[in-house]
Amino acid sequence: MGQQAQLSRRDAALYVFHNDGQTNRIQIAEQRVSVGRDPRNDVHLSDQSVRPRHATIYFSGGEHIISSVSDGTILLNGTSIGSSATLD
C-alpha cells in the first residue's frame with residue numbers, strides 16, 4: 001500500500017504515514033492546506049495514485065473541510081469519502 005494520510009479531528013492535524021515507517025504531523029489550524037503529488041503543495045505525497053493537486057483542507061463555519069481539487073476520490077483514514085467531506 002502507498003502513503004497514507006489521516007486527519008485527527010481532536011487536534012486539527014494531518015498525519016502522513018510514509019512507506020518507510022516515518023510519520024509527519026502537519027498542524028492544520030484555520031489555514032488552507034494543499035495536498036498532492038506536486039512538491040509545491042503544503043503536504044507532498046509521492047504516491048502515484050495521488051494527483052499532482054489532489055485536495056485542499058480548509059476551515060469554514062467552525063469546521064474543517066477536505067475537498068478534491070481534481071475529479072478524483074479522496075481516501076480519508078483508508079475510507080473513500082467522495083469529493084468532499086466535513087472533518088469536524
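Asparagine 41 lies in the loop that links strand E4 (33-36) to strand E5 (43-44) in this predicted model. Its relative accessibility is 10%, and because buried means under 20% relative accessible area, asparagine 41 counts as buried. Leaving aside residues up to four places away in sequence, asparagine 41 touches Ser34, Val35, Gly36 and Pro52.

E5 and E4 are members of an open sheet of five strands, whose order is E5-E4-E6-E7-E10 and whose pairing is mixed. The edges of the sheet are formed by E5 and by strand E10 (84-86), each of which pairs on one side only. In general, the strands of a sheet pair through backbone hydrogen bonds, in either a parallel or an antiparallel manner.

Within the sheet, E4 may be followed to its neighbour E6. Strand E6 comprises residues 55-60 and runs antiparallel to E4, with three bridges joining the two. Along this pairing, valine 33 stands opposite isoleucine 57 in E6.

Strand E2 (residues 13-17) and strand E3 (residues 23-27) run antiparallel and are joined by five bridges. Together, E2 and E3 form a hairpin, with five residues between the two strands. Glycine 21, located in the turn of this hairpin, has a positive phi of about 95°.

Key:
Residues are numbered from 1 along each chain as its sequence is written. This is a predicted model: local features need pLDDT of at least 70, side-chain atom pairs count only at pLDDT 80 or more; totals for chains, interfaces and linings use all residues. Side-chain values use heavy atoms; hydrogens and water are left out. Helices (H or I, at least four residues) and strands (E, at least two) are DSSP runs, numbered from the N terminus. Buried means under 20% relative accessible area, exposed over 50%, partly exposed in between (1.4 Å probe, protein chains only). Contact means heavy atoms within 4.5 Å. Two strands pair if DSSP finds at least two bridges between them.
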